[in-house]
Amino acid sequence: MRIGLRILLGYFLIVGLAAWFLLNVFVAQVKPGVRSTLEDTLVDTAHLLAEVVADDVKAGKIGDSQMLARIQSFARRHVDVEIDGLNKRSLNYRVYITDQHGRVTFDSSGKDVGKDYSLWNDVYLTLRGEYGARSTRDAGTDDTSAVMHVAAPIMDGERIIGVLTVAKPVSTVQPFVERSQRIILQRGAVLLGLSLLIGVAFAWWLNRALRTLMVYIADVEAGRKATLPALGNNEIGTLGRALEAMRNKLEGKEYVEELMHTLAHELKSPIAAIQGSAELMQEDMPAAERQHFLGNILNQNLRQRQLIDKLLALIRVEKQQRLSAPETVPLRALAEQVRADVSARLLARGLTLETFIDNLIVKGDPLLLRQAVGNLLDNAIDFSPPGGVITLRAEQMGDETVISVSDCGDGIPEFARERLFERFYSLPRPDGAKSTGLGLPFVREVMALHGGRVTVDNVQPHGVCARLCLPIVIVS
């Protein structure tokens, strides 16, 4: 499982559990909170009414009391109001009065007058000077059928002469409870959804940064040109920069060791030839032979210089991970520059260079591209027979711009095909000479910098075709 998905699942589990716990607490507290508010209202109402009817109860005028008559007619009043989006169309207070023995002497509903309520908690506790209240279900275990009763003592001085109870069905406030619970759940779901989106965004960012770093590591492991991507000023960026620094140190050490071994091996031959010629020139010999050995020394010295120059150019390209400032390079202008560079060699060998250049452009380093095409032309000149024809083409093929150099030489031997791009590997020219073996490795590195590739293949009936394949440039 990817680390980003693990973090997302862990984050969502923590947020989900926290949200579930909090929502359960909030939802569970809505009902008791509303009922406590209802009870508080009933307490105030009971004590108010107990104080209002105290004189009529004390005088024994319950049946003739105008106040109690109005209370009895209260339930018949018509009402149609909207409270916070919920309609109220009935008045639900029930008021009853019991004497000091607990017998009902007044009931606004008119159904329980004369009954003994002395054992109901509201009456029983109030007659003993305590807070009397009860919640009684009308329908078995249905909690929504409960009716809340709150009692207040009717006083004659310090003596309790009766109890007034105000009752209200819990079902009248249940819609408010359910609506509050529904809103809490809806807002909680929105909050949970937002938390999930934040978690997804964070996991995507983390996974994207890690994937970018992993792509970079894979490119380094495969030996491809790779530059450290922008990872930001965070722990992942610090890790990437540490890996880049470690890579540079390791690659630099290995590169120097390999370079020193190969350079020492390649310089052995010209140094030995120079030493042998110098030793022979110490002896007496005809002027013609002395001139021959002197020419050999100069040729070998030239070979060393070419080897070192090309090796330095190759090193610069190999250590370069990306083009610093790519430019637009017109291929027709590039072809003319390369033609001018090799014109002297073409003339000396009696060769003809034919160019077929479409009006195309590429993005890259003009000097490196010029050197790469020049190296291919140098190889074509070396392997072409005198009087031969070399062809330079530039055309669009699919989604690539292809620059090709074709000669009419003998082609590449089968045994050498796999080693063409090895450093210092060189096939003998028709005249027996050998090159530095650094031209094609240089071309390959230049193509890697430009996001392209190089191929070298035999063509029929004879000759070799080298192709530089570059990404096409779309002109807006």
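Author: The axes of α7 and helix α8 (residues 366-383) come within 9 Å of each other and cross at roughly 25°. Here axes are lines fitted to C-alpha atoms, for helices over the stretch in contact, and angles run from 0 to 180 degrees between N-to-C directions. That makes α7 roughly parallel to α8, since angles under 35 degrees count as roughly parallel, over 145 as roughly antiparallel, 65 to 115 as roughly perpendicular and the rest as oblique. The crossing of α7 and α8 is right-handed, meaning that the near helix is turned clockwise from the far one by less than a right angle.

Before going on, the ground rules: this is a predicted model, where local features need pLDDT of at least 70 and side-chain atom pairs count only at pLDDT 80 or more, while totals for chains, interfaces and linings use all residues. Residues are numbered from 1 along each chain as its sequence is written, and side-chain values use heavy atoms, with hydrogens and water left out. Helices (H or I, at least four residues) and strands (E, at least two) are DSSP runs, numbered from the N terminus.

Now, who touches whom? On the α7 side the contact (heavy atoms within 4.5 Å) includes Leu334, Val338, Val342 and Leu346. From α8, Leu369, Val373, Leu377 and Ile381 are among the residues taking part. The residues of this contact divide into 9 nonpolar, 2 polar and 6 charged; Ala, Val, Leu, Ile, Met, Phe, Trp, Tyr, Cys and Pro count as nonpolar, Asp, Glu, Lys and Arg as charged, and the others, Gly among them, as polar. Arg345 of α7 and Asp378 of α8 are also part of the contact.

Next, the sheet. It's an open one of 5 strands, in the order β9-β11-β12-β14-β13, with mixed pairing; two strands pair if DSSP finds at least two bridges between them. The edges are β9 (352-357) and β13 (453-458), each pairing on one side only. On average, neighbouring strands here are turned by 15° against each other, direction ignored.

Helix α7 (residues 331-349) packs on this sheet, touching β9, β11 (389-397) and β12 (400-406), and its direction makes about 175° with that of β9. Helix α9 (residues 439-449) packs on the sheet too, touching β13 and β14, with its direction at about 140° to that of β13. As for that pair of strands, β13 and β14 (residues 464-471) run antiparallel over 6 bridges, and Val456 has Ala466 in β14 as its bridge partner.
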